[in-house]
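User: Hi! I am new to reading protein models. Could you walk me through this one?

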Amino acid sequence: MHGPLGLYSHTINVDAGSRWLAIAGQLGVDAEGNVAAGFSDQAEQVLENILHCLEANDMGKEDLVKMTIYSTVPECMPDIRAARRKIMGEAVLPAVTLVIVAGLAEPKYLVEIEAWAARTVDG
């Protein structure tokens with residue numbers, strides 16, 4: 001098998017007894033309801049929203065195990081990678097799937113990411 005072609009892992013092993021967190025698809029919308037302008041800004045806001053979801057559940061980016069990215073922009077890969085490097089760094093390598101779609105819930109949304117996280121429960 002070839003190595004990963006980007007910032008992801010082919011597989012992630014989650015220990016038995018871990019606490020799971022499902023994060024619904026996040027959009028490029030800030031806390032005030034403003035939609036970020038353009039694909040890059042939306043991608044960064046989506047990732048920030050995922051970090052907020054993790055923090056609200058006593059988890060961090062290191063707990064991400066899977067992300068599914070839905071994009072309406074076929075040539076989005078460079079912008080997705082740049083946003084991930086900026087917001088998550090290069091050490092966060094969950095399993096990732098990118099799907100190009102015809103549209104999301106509304107035409108103003110260009111990217112949506114859903115995620116799964118898991119943390120080993122101590123003791």
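User: What covers the buried residues of α1?

Analyst: Good place to begin! The cover includes β1 (19-26), β2 (64-71), α2 and β4 (111-119). Covering here goes by contact, meaning heavy atoms within 4.5 Å. Helices (H or I, at least four residues) and strands (E, at least two) are DSSP runs, numbered from the N terminus. Keep in mind that this is a predicted model, where local features need pLDDT of at least 70, side-chain atom pairs count only at pLDDT 80 or more, and totals for chains, interfaces and linings use all residues. Residues are numbered from 1 along each chain as its sequence is written, and side-chain values use heavy atoms, with hydrogens and water left out.

User: Which residues of α1 are buried?

Analyst: A residue is buried under 20% relative accessible area, exposed over 50% and partly exposed in between (1.4 Å probe, protein chains only). In α1 the buried ones are F39, Q42, A43, Q45, V46, L47, N49, I50, L51 and L54. To read such a list, remember that an α-helix has 3.6 residues a turn, so residues three or four places apart point the same way.

User: What does L54 touch?

Analyst: Leaving out residues up to four places away in sequence, L54 touches L21, I23, M59, G60, K61, L64 and A117. L54 sits in helix α1 and is buried, with a relative accessible area of 0%.

User: How far apart are the end C-alpha atoms of α1?

Analyst: First, the general idea: the expected span of a helix is 1.5 Å times one less than its number of residues. For the 18 residues of α1 that gives 26 Å, and the end C-alpha atoms are 26 Å apart, so the two agree.

User: At what angle do α1 and α2 pack?

Analyst: Axes are lines fitted to C-alpha atoms, for helices over the stretch in contact, and angles run from 0 to 180 degrees between N-to-C directions. Helix α1 (residues 39-56) packs against helix α2 (residues 77-88) at about 40 degrees, and their axes are 9 Å apart. That makes α1 oblique to α2; angles under 35 degrees count as roughly parallel, over 145 as roughly antiparallel, 65 to 115 as roughly perpendicular and the rest as oblique.

User: Which residues meet there?

Analyst: From α1 come F39, S40, A43, E44, L47, E48, I50 and L51, and they meet D79, I80, A83, R84, K86, I87 and M88 in α2. Sorted by kind, the contact has 9 nonpolar, 1 polar and 5 charged residues. Here Ala, Val, Leu, Ile, Met, Phe, Trp, Tyr, Cys and Pro count as nonpolar, Asp, Glu, Lys and Arg as charged, and the others, Gly among them, as polar.

User: Is D63 buried or exposed?

Analyst: D63 is buried, at 7% relative accessible area. D63 is also in the loop between α1 and β2. Beyond residues up to four places away in sequence, D63 touches W116, A117, A118 and R119.

User: And where is P94 found?

Analyst: P94 is in the loop between α2 and β3 (95-100). With 1% relative accessibility, P94 counts as buried. Again setting aside residues up to four places away in sequence, P94 touches Y8, S9, I12, L64, V65, K66, M67 and R84.
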